[in-house]
Amino acid sequence: MDSCQIPHMHVTGGTSLICAVAALCVVLVGCDGPTGIAQPASAQPAADTTVGEPAANAAANPYPQRIPAPPLEGAVWVNTTTPHTLAEFHGRFVLLDFWTFCCINCMHVLPELKKLEHAYPNELVVIGIHAPKFQSEHDTENIREAVLRYELEHPVVNDAKMAIWNSYGARSWPTLVLIDPAGEVVWAASGERTFEDIKAVIDRGLPFYRAQGILKPGKRVEIIDASKLPATPLRFPGKILADEAGGRLFIADSNHNRIVIAKLDGKLEAIIGKGTIGRDDGSFESCSFNHPQGMALVGSVLYVADTENHLIRKADLSARRVLTVAGTGQQGNASLEILRPQPGSSAGAKPTQTQLSSPWALWARDKELYIAMAGMHQIWKMSVDGTALAPYAGNGREDIEDGPLLPNMPFDPGFASFAQPSGLTSDGKQLFVADSEGSTVRAVPFDSNGQVQTLVGLTGTLFDFGDVDGEGRNVRLQHPLDVAWADGKLYVADTYNNKIKFIDVARRSCRAVAGTGKPGNSDATNGEAATFSEPAGISAAAGKLYVADTNNHLIRVVELKPPYGVTTLKIEGLSASGTK
C-alpha cells in the first residue's frame, strides 16, 4: 500500500465540507483498487483537456469541481519566522501535503514536492500540514528536527489537534490537496504521487488563470533551513555498525551523505563519499550517496543501504572503491512480479535490474544479505555474489500480522505482514526486526518454512503504542528503529521514547536500561538518568552498545552492564566538510 489510513476517529465541525471534499477526491482520484491502493486517475488528463501550454480553450476553467478552501487555523508554524494565511497566497497555486514524519510513504513524496517547488518557484506554494500519528510527533520541536532532517524547502505547520486535517477531510498519510489561485480546492489525492502526476494537474490550469489575470506569481516563502544552523561533524547519523574484530565503527552520517569509519575509541580512520547527494560509484573520495542508513560487513566489504537512492552499494575497504550491487535508482513496489518472481521475469534476473524501495537496514549471514525493505514493508534477501535478490518475508501489506513468510499473491492476509521494518540483528538462529510503524519487535526464522512471530507489542494494529515495560503483548514501544544482539541479550532503540531497552527473548519481557524518556544529550553513570534524542541506530562490541543519537548529531556509548552508564564518543579529526 502507498498510504497509511488513520483508524476511525471523532471529527468535529465542518461535516458537510468533509463530505464535499471526500466527493471531490472520488471524482478526481478514483476509487481504491482491490488491494486498497488508490488508483492515480488524477495523473491522467481528460481526453478533451490539453495538458501544458497553450490550452485549447483557455476561457473554460479546466477544473469543473471546485470547493472553497478552508483556512489554515488551529496550527503552529514550525519553520517560518511568522505565521501565514491562505489569503496571502491568492494568485498562486497552493499544494497542501498532509503528512507525518514517521511515515515512509510521506518520505517518498517529499522529493517529488521539492521538484515541484523548483519547477514552479513563483507560481506554487507548498505547505506541509503535519498531522501526527505518534505522541512524539505532536511536539513542535520534534517536527522542527524532522523538517531539518528531511531538508524541506517549504513551510510546515504543526496540526497537533488535527484541526486542518479534519477541515479538509483527510483520512490517510500522505494526502495532497491542490488549491487554485482563486482560493478553491480543485484536486485531491491520497497515497504517493509523483512530480509528473501533480505537474500535469497544475499545467492544466496555468493557461486559464494566466488568461483571466488571476495568476500572480510571488516570492517563495522564507523558511529556517539547515544552512542557517551551525555545522556539526555528524549530521543526523542514522545507523551505526560496530566491528569488534576489527576494532572499528562504521557510521552512516546520513545528512552528510557519507560513511565515517573510526576506531572504537573514536579516532577517525576514513570517510567514504564526497558528501554531496548522488549515486556515483568510484573511489572513496569521488563516490556519492543519498542519505545512507544500514550497513553490514562481509570480510573486507562493507554493504550500505543507500536509502534515498533505493540502492544497495558495496565498499571494498581494501581497494577503497564503491560499487552499486542492487537496485536501479528508481523506487519499486511490492508487485506480484517482484513478490514472487516467475521464470523469465526481469525482477529475478539481476539485482541491479530490480527496483528497490527505501532499503533501511542490512544483516549479513553466511553468504546472504538480509534487507529491511522499509518502503515495501518486507524483508528481502540477496546473495553477496550478486546472483539473486528477492523478497524473503512479508506479503507487502503495511500491518503487524504473524504467519508464514511469503505468499503466492501480494497482500494475502494469510501471511506475515510488516510495517516499515527499519532495524535488523540476529542471534544466529533467527532474524530480529525493529518493525517501526507497528511499534513491535519481530522474529523471522532462517527456515523459509517457518513463521514470523511478534516478540513484544501488539499484532493487528498500527496505532497502539506507548512507553510500557512488561511482557509480550503488554509491552508498548514507540516507533523503534533498531535492534542489536549482544552477549545473549537483545537491545532495542525505542526511538520516539528516547530510550534504549533490553528484551529477554525467552520470556518476551522488555525493560528500559538507558534514557529518561525526555529528549536531551546528558551523559550519566546511571543509564536511566541519561538522555537521548531519537536514537535510531545501535550496534554492540566489546561490552558496549554504540548508539547513533540521531537528533543530537552524536555517537553515544552505553556500558552493557548495570548501571548502564552513558558517555558521548567524540570522533577525533572529523569535520563537517561533507555538508552540502
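Started with Val441: I find it opposite Val456 in β27. This is a predicted model, so I keep that in mind for everything below.

Next I looked at how the two strands go together. β26 and β27 (residues 451–456) pair in the antiparallel sense, over 3 bridges. They form a hairpin, with 5 residues between them.

Then I turned to the other partner. β25 (residues 430–435) also runs antiparallel to β26, and here I count 6 bridges. Val433 stands opposite Arg442.

Is β26 enclosed or open? I went through residues 440–445 and got 6 of 6 buried, so the strand is largely enclosed by the rest of the structure. In a regular strand, side chains alternate between the two faces of the sheet.

Last, the cysteines. How many disulfides does the structure hold? I get 0. For Cys103, the closest cysteine sulfur is in Cys106, at 3.3 Å. The cut-off is 2.5 Å, so that pair is too far apart for a bond. I also logged accessibility: Cys103 is buried at 2%, and Cys287 is buried at 0%.

How values were computed. Residues numbered from 1 in each chain as written. Predicted model: local features only at pLDDT ≥ 70, side-chain atom pairs only at ≥ 80, totals over all residues. Heavy atoms only, no water. Buried < 20%, exposed > 50% of the residue type's maximum accessible area, 1.4 Å probe, protein only. Helix = DSSP H or I, 4+ residues; strand = E, 2+ residues; numbered from the N terminus. Pairing = 2+ DSSP bridges.
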